[in-house]
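Visitor: I've just started learning about proteins, and I'd like a friendly tour of this one. Can you show it to me?

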Amino acid sequence: MIEYIKGELTELTPALATVEAAGVGYGLNISLTTYSAIQGKQDVKLYVFESIREDAHVLYGFVSKKEREMFELLITVSGVGPNTARMMLSSMSVSELCNAISRGDERLIKGIKGIGKMTAQRIIVDLRDKIVALGIADEIPAGGMVSTPVNNEVRDEAVSALTMLGFAPAPTQKVVMAILKEQPDLPVEQVVKLALKQIK
């Protein structure tokens, strides 16, 4: 089992980080929370979750143990797979998600793509007591948000990230362009977060 990978950050998109350690480049699926925290850094340490299936061996990377713990809790819920859990952690911070679950805010959880009413209810019922017991709601917001000065770069990265998360490129581009027209100085991760709320 891989606990964490520490090394040089050689490539980074809002959905994927490549970390080179001991001459091996590890591709790690990441959330926007992790992307925001490691953006602009040369050396990083990411906590790892391994998803081993018959057809694939996929690594997920997290900037903190708390984010990984939340991810591991989410995928224990019936109907929530690794990609849905990553989508949830990209739409909300760990503390926001914990607060929504502990308050039983079904509407907020249901607002995340891929989460229906039944799944939102299951998440609340299954995890409410567990997040209190683990104390993972005390998540410190990740810093290091860097705004990219060129809007085209922001647009392309945002569309690329959303496409990797499973959205069709054409409607995605339309939503991203609308967001950037209204708020041209937004960094990539904020554009993606807003787009996640608008694309259905």
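Below is a chat that walks through the fold, a few residues and the core.

Visitor: Before we start, how is this model numbered and what counts in it?

Guide: Residues count from 1 along each chain as its sequence is written, and side-chain values use heavy atoms, with hydrogens and water left out. This is a predicted model, where local features need pLDDT of at least 70, side-chain atom pairs count only at pLDDT 80 or more, and totals for chains, interfaces and linings use all residues.

Visitor: What is the mean pLDDT of the chain?

Guide: First the term: pLDDT is the predictor's confidence in each residue, from 0 to 100. Over residues 138-150 it stays under 50, while 90% of the chain's residues reach 70 or more. The mean for the chain is 86.

Visitor: How many helices and strands are in the chain?

Guide: Helices (H or I, at least four residues) and strands (E, at least two) are DSSP runs, numbered from the N terminus. Along the sequence the pattern reads β-β-β-α-β-β-α-α-α-α-α-α-α-α. The count is nine helices and five strands.

Visitor: In what order do the strands run around the closed barrel?

Guide: Strands pair if DSSP finds at least two bridges between them. β1 (residues 4-12) and β4 run antiparallel with five bridges, whereas β3 (residues 24-29) and β5 (residues 57-62) are parallel over two bridges. The pairing is mixed, and the five strands of the barrel go β1-β2-β3-β5-β4.

Visitor: What does the twist average from one strand to the next, and what angle does helix α2 make with β4?

Guide: Axes here are lines fitted to C-alpha atoms, for helices over the stretch in contact, and angles run from 0 to 180 degrees between N-to-C directions. The twist from strand to strand averages 55°. Helix α2 (residues 65-74) packs on the sheet and touches β4 (43-52) and β5, and its direction makes an angle with that of β4 of about 15°.

Visitor: Is I5 buried or exposed?

Guide: Buried means under 20% relative accessible area, exposed over 50%, and partly exposed in between (1.4 Å probe, protein chains only). I5 is found in strand β1, and its relative accessible area is 4%. Because that falls under the cut-off, I5 is buried.

Visitor: Which residues does I5 touch, and how far is its C-alpha atom from that of V19?

Guide: Contact means heavy atoms within 4.5 Å. Not counting residues up to four places away in sequence, I5 touches V19, A21, Y26, L28, V44, K45, L46, V48 and L59. I5 and V19 are 14 residues apart along the chain, and their C-alpha atoms are separated by 7.5 Å.

Visitor: Which residues have the most contacts inside the largest nonpolar core?

Guide: A nonpolar core is a set of buried Ala, Val, Leu, Ile, Met, Phe, Trp, Tyr and Cys residues joined through side-chain atoms within 4.5 Å. The largest one has 60 residues. Those with the most contacts inside it are M70, L74, I109 and I123.

Visitor: Which residues of helix α3 are buried?

Guide: Helix α3 covers residues 82-91, and seven of its 10 residues are buried, so it is largely enclosed by the rest of the structure. The buried residues are A85, R86, M87, M88, L89, S90 and S91.

Visitor: Where is V175, and which residues is it in contact with beyond its neighbours within four places in sequence?

Guide: V175 is found in helix α8 (residues 169-182). V175 has a relative accessible area of 17%, so it is buried. Setting aside neighbours within four places in sequence, V175 is in contact with A195, Q198 and I199.
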